[in-house]
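Please read them with the structure open.

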Amino acid sequence: MSNVKFFYTANILFTIIIAFFNPILYIYLLSKQFSFTEVGLYLTFFWIVSFLTEIPCGAITDNIGGKNSLILSLVLKIVGLAMLFSGNLYIIYISAILSAISESFQSGTLSSWIVNVGKKYDMNINIDKVFSRGSLYSLFFSLVIGFISAKYLYEFDKNLPIKFSIIICFISLIVIVIFMKELEEIHKISIEKLKGSFITVKKSLKEVLYIKSSLYLMLIFLLPQIIDLGPSNQWQAVFENLDASIIGYVWIGISLSGMLGSIVYEKFSNAFSKLKILYILIVVNILLLLLFIFSINLYVKFVLFMFYIFIFTLMRIQINIFMHKYLVKSDENRTTTVSVFYTFESILVAILLSINGYLTDLVGISKTWLIFLIVVLIISTLFAIKFKLTAERENN
């Protein structure tokens with residue numbers, strides 16, 4: 001199996017793992033009689049632990065290799081998923097912690113691996129094309145598996161989606177062990193390697209945090225995630241309240257919209273190469289969600305949400321590429337540098353998720369979304385003004 005084919009295969013498997021439980025996770029936890037605040041705390045635990053472990057796991061990955069990192073990730077994910085079967089709130093929170101560590105070992109690992117493998121073994125790899133096509137493939141399988149999970153498995157047995165996710169985790173382990181190529185001949189976990197990880201963290205933090213432009217970029221890259229905080233976690237509850245039978249079809253629409261976004265980005269990638277396009281997309285998505293909130297017709301809401309997913313997909317691919325092009329300063333610290341961004345994302349989301357859960361119990365989902373949209377609109381406007389003034393000073 002070629003490196004690119006392995007990248008696609010692994011991406012698809014990881015997507016399937018998530019696709020089995022992602023369309024129903026929020027309502028699955030609510031069905032166990034947990035409140036919005038408690039579910040919000042579950043998500044908060046996930047993101048807080050992600051914050052604490054993202055950089056260390058990225059640094060460890062740079063020292064022990066992507067293969068070992070992904071194996072550790074899958075083992076932790078299996079245990080975390082199994083704990084979701086419990087009705088005990090504290091066990092559910094432990095599940096969130098293990099799942100977060102799992103994601104920290106996985107996040108950015110596969111993308112960094114394919115970039116570095118390409119540089120070492122296959123110089124003609126087109127990273128923009130590989131990332132966008134990988135996103136397209138993953139979204140297709142996400143569409144099919146997510147629909148089956150939400151429409152049939154969940155309705156038949158609420159635990160079935162989790163069980164299937166665990167099975168795919170075991171299959172993924174086998175594929176990684178057999179087919180994943182290491183960049184170095186031997187990667188062993190040792191005290192020396194862990195010490196080297198701390199040095200890697202320090203170096204990457206200096207490369208990112210001491211550069212003002214890099215800090216601004218990371219803050220801008222976080223804005224789409226803030227917008228998506230409510231929609232990505234609570235869309236199931238929104239559509240379940242309107243018509244529970246539509247959730248499976250909403251997932252199909254989400255997947256198709258994401259696939260369309262991936263296709264459009266691949267075909268017109270040059271059009272998305274400038275930062276100002278990201279600003280435009282942020283504003284467009286704010287407007288789409290505002291229309292979604294104030295619309296009362298189910299089908300109008302459906303269409304608006306699909307347009308929102310389409311734009312959000314464009315932004316996520318764009319940000320992923322920007323990170324590797326503009327934030328990463330050295331190949332050997334690539335995973336750690338990417339992890340710096342994900343660390344900032346994790347702590348911000350962790351804080352905001354607890355606020356989101358509390359506000360939802362207090363004022364409802366729609367008003368909570370509206371509050372976050374107003375905040376992002378204000379922040380993005382301030383950034384736009386600042387960059388415009390900076391550009392004018394440089395021209396003068």
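1. Gln 33 is exposed, its relative accessible area being 68%. The model is a predicted one, and this residue deserves a look at its backbone: Gln 33 is not a glycine, yet its phi is positive, at about 70°. Gln 33 sits in the loop that runs between α2 (25-31) and α3 (36-64).

2. How many salt bridges does the count come to? The count comes to one. The partners are Lys 77 and Glu 103, whose closest N and O atoms are 2.4 Å apart. This pair links distant parts of the chain, with Lys 77 in helix α4 (residues 66-83) and Glu 103 in helix α5 (residues 89-106), 26 residues apart. Side chains of opposite charge can pair when their charged atoms come close.

3. Is Lys 77 buried or exposed? Lys 77 counts as buried because its relative accessibility is 6%, and the cut-off for buried is under 20%. The lysine of the salt bridge with Glu 103 is therefore a buried residue.

4. The structure holds two cavities of 30 Å³ or more. The second largest cavity has a volume of about 40 Å³.

5. Which residues line the second largest cavity? Its lining consists of Ile 226, Ile 227, Leu 229, Gly 230, Pro 231, Leu 289, Thr 368, Trp 369, Phe 372 and Leu 373. Two or more residues of this lining come from each of α10 (212-227), α11 (229-243) and α16 (365-395). The element that gives the most is α16, with four residues. By residue type, the lining of the second largest cavity divides into eight nonpolar and two polar residues, with no charged ones.

6. Helix α16 also holds Thr 381. Thr 381 is partly exposed, with a relative accessible area of 38%; that class applies because the value lies between the 20% and 50% cut-offs. The C-alpha atom of Thr 381 is separated by 9.3 Å from that of Val 283, a residue 98 residues apart from Thr 381 along the chain.

Conventions. Residues numbered from 1 in each chain as written. Predicted model: local features only at pLDDT ≥ 70, side-chain atom pairs only at ≥ 80, totals over all residues. Heavy atoms only, no water. 1 Å grid on protein atoms, 1.4 Å probe; cavity = no way out; pocket = protein on both sides within 12 Å on 5 of 7 lines; lining within 4 Å. Points joined across faces, edges and corners; volume = space filled by probe spheres on them. Nonpolar A, V, L, I, M, F, W, Y, C, P; charged D, E, K, R; others polar. Buried < 20%, exposed > 50% of the residue type's maximum accessible area, 1.4 Å probe, protein only. Salt bridge = Lys/Arg side-chain N within 4 Å of Asp/Glu carboxyl O.
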